[in-house]
2 protein chains.
Amino acid sequence: MAAFRLTVDLVVLTIRAGALNVLLVQRGIPPYQGEWALPGGFVLDDEDLDAAAVRELREETGVTAVGAGHLEQLRTYGAPGRDPRGRVVSVAYLALLPDLPAPTAGSDASGAAWHPLPGPCLAFDHREILRDGVERARAKLEYTSLGAAFCPAEFTIAELRAVYEAVWHTTLDPRNFHRKVTTTDGFVAPTGERRTGVGRPAELFRRGEAEVLHPPIMRPART
Amino acid sequence: MAAFRLTVDLVVLTIRAGALNVLLVQRGIPPYQGEWALPGGFVLDDEDLDAAAVRELREETGVTAVGAGHLEQLRTYGAPGRDPRGRVVSVAYLALLPDLPAPTAGSDASGAAWHPLPGPCLAFDHREILRDGVERARAKLEYTSLGAAFCPAEFTIAELRAVYEAVWHTTLDPRNFHRKVTTTDGFVAPTGERRTGVGRPAELFRRGEAEVLHPPIMRPART
DNA sequence: TCAAAAGTGTTGCCGGTACACCCATGG
DNA sequence: CCATGGGTGTACCGGCAACACTTTTGA
């Protein structure tokens, strides 16, 4: 019945240089000043939780285009003592975004940067939150079309395949991947345009409407 | 940065008479006095969230044997205005339990009872929470061995099959179901005993160790 | 010995993997 | 015309649904 303070913390993932990266901020104020942490902050008085997550993402990292990617609630962490400032409960969110220009540090952060996993030591219980977020992202890619959240608005099938290969550290057969993705209803939508480069030009696609697909859409290869 | 109050609310599901049922309490105090609601209450000052869920389940319903079933965090609901008493954020939990003797009403509830879905109108945003909980339960039964959480400590394969049939309102082939469940590693463990009745005695099983099984373990039939 | 429920063997189908092959462009 | 990457056709293989069949009890 006591009073709690509420924060949102964000596990922001993207693909950079063929590997899964997480967005971290360097704390500019105590506690844990100078250490790396997940971006986040206190929920405002009359603010919805989802809105707080979007706001913190923008304020602390300069990322505005959430619509391009994917944002969902991950889990709530409320162990007593997880924050030295007192009883602070954190609602964690998971964000999947296309690779963006270097983030800008916000008000409470002295720096914001992408880190390849597993990343450095983290403040609070953020290591645990990050682990849960990555696990959720890996799992969701198996039975949803969320891999496309890591891609820009228009992308080739090869780019989408690179996402799955990075998240699972595997290689997938390009031919079978192409067939699977283009024949599964609601996964991707063709734009009609093509991107030229070395070799035959690749058709460009947008994200399809479907998000959760009933049969598992793709599974990490066993090798 | 303001002060919040924190509650846990529980979506407690079981199978009764071949159908999915939810445990509801009739509110004994305002707001929404007299209406049905999910069991739950305020988190104590130095209490972990999971501990609060276990405590509320016991206090409001008399259910103590959580170890027999399954309890997991579902989602957190924090829209401003969801509670007329002020800014109250609720961490919802999902519990799957074997069918138990009629629950006893606790301190803040004038009655506690099982309701077949979809159940009556509910206080607060509990209708939404219930919908999310049922959806999660249905989804998890597809790719985990959690169906056994609805069964008592020892059960027959036919009883376990009845769980899946109730949750998905389908019929499953008894022969194929038996094979699938007994040959999948970690799903069930034989006790060596048998339960006699009409027809050939059925072998008794306990829950296996595995919870999340990588390949989807079972899917609702199409008919 | 019959009904009823438990449990096993077998077949055919469907979907996925592996891989040969064709297409379209730049150099 | 060759290298490079995009995209299609097809054969094999494993898992699952369907269902015939055997086992074990009570009445």
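# Exercises on a predicted two-chain model

A search of the whole structure finds seven aromatic pairs over all chains; rings of Phe, Tyr and Trp (its six-membered ring) pair if their centres lie within 6.5 Å, with planes under 30 degrees apart counted as stacked, over 60 as edge-to-face and the rest as tilted. This is a predicted model, in which local features need pLDDT of at least 70 and side-chain atom pairs pLDDT 80 or more, while totals for chains, interfaces and linings use all residues. Residues are numbered from 1 along each chain as its sequence is written, chains are lettered from A and ligands numbered from 1 in the order written, and side-chain values use heavy atoms, without hydrogens and water.

## Rings

**Task.** Which residues of chain A do ring pairs link into a cluster, and over which ring does the charged end of B:Arg75 sit?

**Solution.** Start with the ring pairs: A:Tyr164, A:Trp168 and A:Phe177 are linked by them into a cluster. Next, take the charges; one sits over a ring if NZ of Lys or CZ of Arg is within 6 Å of the ring centre and within 35 degrees of the ring normal. In chain B, the charged end of B:Arg75 is over the ring of B:Tyr77, at 5.4 Å from its centre. In chain A, A:Arg75 lies over the face of A:Tyr77, 5.4 Å from the ring centre.

## Chain A as a whole

**Task.** Give the order of the elements of chain A from the N terminus on, and state how much of the chain is buried.

**Solution.** Count the elements, which are DSSP runs numbered from the N terminus (helices: H or I, at least four residues; strands: E, at least two). Chain A has four helices and nine strands. Their order from the N terminus is β-β-β-β-α-β-β-β-α-α-α-β-β. For burial, the classes are buried (under 20% relative accessible area), exposed (over 50%) and partly exposed in between, with a 1.4 Å probe and protein chains only. Of the 223 residues in chain A, 52% are buried. Last come the contacts (heavy atoms within 4.5 Å). Among those in chain A with a separation of 6 or more, 66% are between residues 24 or more positions apart.

## Packing of H3 and H4

**Task.** Describe how H3(A) and H4(A) cross, then describe the packing of H3(B) and H4(B).

**Solution.** Two numbers are needed, because two packed helices are described by the angle between their axes and the distance between the axes. Axes are lines fitted to C-alpha atoms, for helices over the stretch in contact, and angles run from 0 to 180 degrees between N-to-C directions.

In chain A, the axes of helix H3 (residues 157-168) and H4(A) come within 10 Å and cross at roughly 105°. H3(A) is therefore roughly perpendicular to H4(A); that class covers 65 to 115 degrees, with under 35 roughly parallel, over 145 roughly antiparallel and the rest oblique. On the H3(A) side the contact is made by A:Ile157, A:Leu160, A:Arg161 and A:Tyr164, and on the H4(A) side by A:Pro174, A:Phe177, A:His178, A:Val181 and A:Thr182. These residues divide into six nonpolar, two polar and one charged (nonpolar: Ala, Val, Leu, Ile, Met, Phe, Trp, Tyr, Cys and Pro; charged: Asp, Glu, Lys and Arg; polar: the others, Gly among them).

A:His178 is partly exposed, at 39% relative accessible area. Its C-alpha atom is 9.4 Å from that of A:Leu160, 18 residues apart along the chain.

In chain B, helix H3 (residues 157-168) and helix H4 (residues 174-183) pack at about 105°, with axes 10 Å apart. H3(B) is therefore roughly perpendicular to H4(B). B:Ile157, B:Leu160, B:Arg161 and B:Tyr164 of H3(B) meet B:Pro174, B:Phe177, B:His178, B:Val181 and B:Thr182 of H4(B). By class, this contact has six nonpolar, two polar and one charged residues.

## Backbone geometry

For phi, A:Phe124 has a positive value of about 50° although it is not a glycine.
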